Amino acid sequence: TSWFSHVEPAAKDPILGVTEAFLADPSPDKVNVGVGAYRDDNGKPVVLDCVREAEGRIAGNLNMEYLPMGGSNKMVEESLKLAYGEDSEFLKDKRVAAVQSLSGTGACRLFADFQKRFLPDSQIYIPVPTWANHHNIWRDARVPQRSFHYYHPETKGLDFAALMDDVKNAPNGSFFLLHACAHNPTGVDPSEEQWREISYQFKVKNHFPFFDMAYQGFASGDPERDAKAIRIFLEDGHLIGCAQSYAKNMGLYGQRVGCLSILCEDELQAVAVKSQLQQIARPMYSNPPVHGSLIVSIILSDPELKSQWLKEVKGMADRIISMRSTLRQNLEKLGSPLSWEHITNQIGMFCYSGLTPEQVDRLTNDFHIYMTRNGRISMAGVTTGNVGYLANAIHEVTK
Ligand code: PMP
């Protein structure tokens with residue numbers, strides 16, 4: 001008998017499946033706006049100059065010893081400054097428990113496991129829609145999921161009233177997953193004023209905000225500005241959790257480097273929480289990988305490399321912002337009677353276009369344009385060379 005005869009093939013990942021189909025298409029016109037990875041204006045993957053420089057400094061000088069269970073202390077320290085602010089009193093008071101994580105996904109998973117272990121009766125409120133993997137992560141950590149309103153299909157913006165109602169109606173002391181900036185997949189973020197209201201209501205309800213910050217710097221081009229939501233919650237005296245990723249903002253996708261932090265009531269609590277995060281990591285992967293974390297700590301601790309990084313992040317964000325305007329202008333020039341304002345209102349890597357699954361199918365079948373069926377366009381895949389073709393195709397399928 002076979003041990004595994006009952007194992008059925010897993011459902012295809014909706015995002016990775018798009019790339020497979022794209023690669024299999026022989027058409028010279030094909031365009032991939034499915035995958036959430038930055039491309040330059042020639043559609044090529046990018047390694048930042050600051051990363052190449054840091055790699056050069058590492059080459060030949062690195063031993064291959066293990067990092068501690070919690071990863072590189074230096075990388076973690078620099079990451080916390082980015083998220084909480086260079087002069088954060090919480091960092092001075094050592095109130096933040098933090099460990100290096102396997103990028104943003106690993107940070108979310110570590111937090112979900114921590115939540116299950118120490119607050120076994122808690123649930124997590126997740127926005128509709130969200131990055132699909134959030135559902136998998138909290139499912140596998142066995143934390144029950146609830147949803148809260150976020151996106152308004154008609155306005156293609158934030159459904160703020162419904163969001164606030166859900167925050168008010170959730171049981172006191174609920175856990176909420178918030179995208180710190182550049183919400184995936186919608187590209188819709190609350191305004192500063194709205195964040196303040198959300199924070200106020202969280203205070204009233206004693207909710208716990210867990211920020212997934214996968215795109216710090218990628219939204220506005222400025223990591224400080226993109227940390228605004230977190231800073232507002234900190235000012236208001238919340239305890240928070242935060243998942244950071246260097247996949248997008250440093251282009252370190254495959255290096256799997258990130259940070260999970262939890263702001264605690266005092267130093268003693270932070271020491272306890274950190275030790276427990278390490279205990280959760282130990283049987284899963286013992287300790288995180290060294291190379292990517294060195295790249296990050298070298299860049300962030302060297303003023304020259306850091307300012308070079310800031311320029312390069314801004315360059316990536318600016319290219320995306322300019323492609324948004326060009327795409328919108330092209331659609332308007334073609335005489336599309338529909339409103340495409342949301343393309344430029346939305347922020348970050350994605351445009352939640354409002355295209356229906358059937359329209360997406362037509363884009364793929366008739367025009368060799370690949371994206372997820374929810375109509376999410378990865379703006380990072382749009383270039384000077386393909387934006388006209390893309391606009392024309394979108395116009396054709398929305399006529
Ligand atoms: N959260 C969100 C919202 C994301 O979009 C992503 C990247 N697609 C991640 C987390 C994590 O990505 P990574 O594990 O590569 O850092």
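## Strand 10 and its surroundings

In strand 10, cysteine 259 is the bridge partner of glutamine 100. Strands here are DSSP E runs of at least two residues, helices are H or I runs of at least four, and both are numbered from the N terminus. The model is predicted: local features need pLDDT of at least 70, side-chain atom pairs count only at pLDDT 80 or more, and totals for chains, interfaces and linings use all residues. Residues are numbered from 1 along each chain as its sequence is written.

**Confidence.** pLDDT is the predictor's confidence in each residue, from 0 to 100. Its mean over the chain is 96, and 100% of the residues reach 70 or more. The model scores ipTM 0.99 and pTM 0.96.

**Strand pairing.** Two strands pair if DSSP finds at least two bridges between them.

Strand 10 spans residues 258-263, and six of its six residues are buried. Buried means that 20 or more other C-beta atoms lie within 10 Å of the residue's own; exposed means 12 or fewer, and partly exposed is in between, with C-beta atoms placed from the backbone. In a regular strand the side chains alternate between the two faces of the sheet. Gly258, Leu260 and Ile262 point one way from strand 10, while Cys259, Ser261 and Leu263 point the other way.

**Core.** A nonpolar core is a set of buried Ala, Val, Leu, Ile, Met, Phe, Trp, Tyr and Cys residues joined through C-beta atoms within 7 Å. The largest one has 114 residues; Phe111, Ile230, Leu260, Ile299, Met379 and Leu390 touch the most other members. Helix 13 (residues 303-333) gives the largest share of this core, nine residues. Leaving aside residues up to four places away in sequence, isoleucine 230 touches Ala83, Ala180, Phe211, Ile240 and Cys242. Contact means C-beta atoms within 7 Å.

**Ligand shell.** The ligand is surrounded by 13 residues, the closest being Ser103, Gly104, Thr105, Ala214 and Ser245. Helix 5 (residues 103-118) supplies the largest share, three residues.

**Glutamate 53.** This residue is found in helix 2 (residues 49-58). Glutamate 53 counts as partly exposed because it has 17 C-beta neighbours inside 10 Å.

Notes:
A residue is near a molecule or strand if its C-beta atom, placed from the backbone, lies within 6 Å of it. Two residues are in contact if their C-beta atoms, placed from the backbone, lie within 7 Å.
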